[in-house]
Amino acid sequence: ITKQWYQRRVRGADLTESCQRACKLAIREAIERDIEQEKRREQNPDMDEEMEDPVPEISRAHFTESMRFARKSVPDSDIRRYEMFSQTLQQSRGFGNNYQMPTAGDGAAEGGATQPTIDEEDDLYA
């Protein structure tokens with residue numbers, strides 16, 4: 001579940017329900033259009049209309065309509081927890097963004113780093 005869905009306070013089960021509702025809306029629309037085609041045929045029997053799928057796919061309009069009925073089941077505490085986790089994750093990913101390799105003027109030889117002294121080695125393991 002993405003942050004956008006959490007901000008809308010919708011969980012996975014709610015999203016599933018919304019998708020099922022969009023399918024049902026598309027099916028209802030297809031049935032209504034099919035009935036309209038049948039009525040036109042009855043009124044004009046000479047009409048040679050091809051039988052096409054009146055609603056060949058679920059559209060954005062179906063999903064938009066279904067989201068109007070979506071339950072908002074994510075409590076404020078979950079949203080705060082998610083935002084804290086997201087912040088922590090972004091900070092951990094950002095670790096090292098400001099790191100720069102030392103330049104030759106910083107005491108490093110052109111071919112690599114300077115040899116550590118005994119004190120520096122001791123500090124490494126302290």
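Modeller: Isoleucine 27 has its place in helix H2. The model is predicted, so local features need a pLDDT of at least 70 and side-chain atom pairs count only at pLDDT 80 or more, while totals for chains, interfaces and linings use all residues. Residues are numbered from 1 along each chain as its sequence is written, and side-chain values use heavy atoms, with hydrogens and water left out.

Helices here are DSSP runs of H or I with at least four residues, strands are runs of E with at least two, and both are numbered from the N terminus. Helix H2 covers residues 12-43, and its 32 residues should span 46 Å at 1.5 Å a residue; the expected span is 1.5 Å times one less than the number of residues. The C-alpha atoms at the ends of H2 are 47 Å apart, which agrees with that expectation.

One part of H2 is covered. Asp14, Ser18, Ala22, Ala26, Ala30 and Gln37 are buried, where buried means under 20% relative accessible area, exposed over 50%, and partly exposed in between (1.4 Å probe, protein chains only). These buried residues pack against helix H3 (60-67). Histidine 62 is found in H3 and counts as buried at 7% relative accessibility. Leaving aside neighbours within four places in sequence, histidine 62 is in contact with Ala22, Leu25, Ala26, Glu29, Val55 and Glu57; contact means heavy atoms within 4.5 Å.

Isoleucine 27 belongs to another feature: with Ile31 and Ile35, Ile27 makes a nonpolar surface patch of about 280 Å². Patches are made of residues with over 30% relative accessible area and no salt bridge; like charges are joined within 9 Å, and nonpolar side chains (Val, Leu, Ile, Met, Phe, Trp, Tyr) within 5 Å. Accessible areas come from the Shrake-Rupley method with a 1.4 Å probe, and for residues only the protein chains shown count as cover. An α-helix has 3.6 residues a turn, so residues three or four places apart point the same way.

The side chains of arginine 21 and glutamate 17 meet in one, at 3.4 Å from N to O. These two residues of H2 are 4 residues apart, about one turn of the helix. Arginine 21 is partly exposed at 29% relative accessibility, and glutamate 17 is partly exposed at 28%. Arginine 41 forms a salt bridge with glutamate 38, the closest N and O atoms being 3.2 Å apart. Glutamate 38 is partly exposed, with a relative accessible area of 34%.

As for the whole chain, the protein comes to 5 helices and 0 strands, and a search of the whole structure finds 5 salt bridges. Of its 126 residues, 13% count as buried. Among contacts with a separation of 6 or more, residues 24 or more positions apart account for 71%. The protein exposes about 10900 Å², and carbon and sulfur atoms supply 50% of that area.

Technical notes: Salt bridge = Lys/Arg side-chain N within 4 Å of Asp/Glu carboxyl O.
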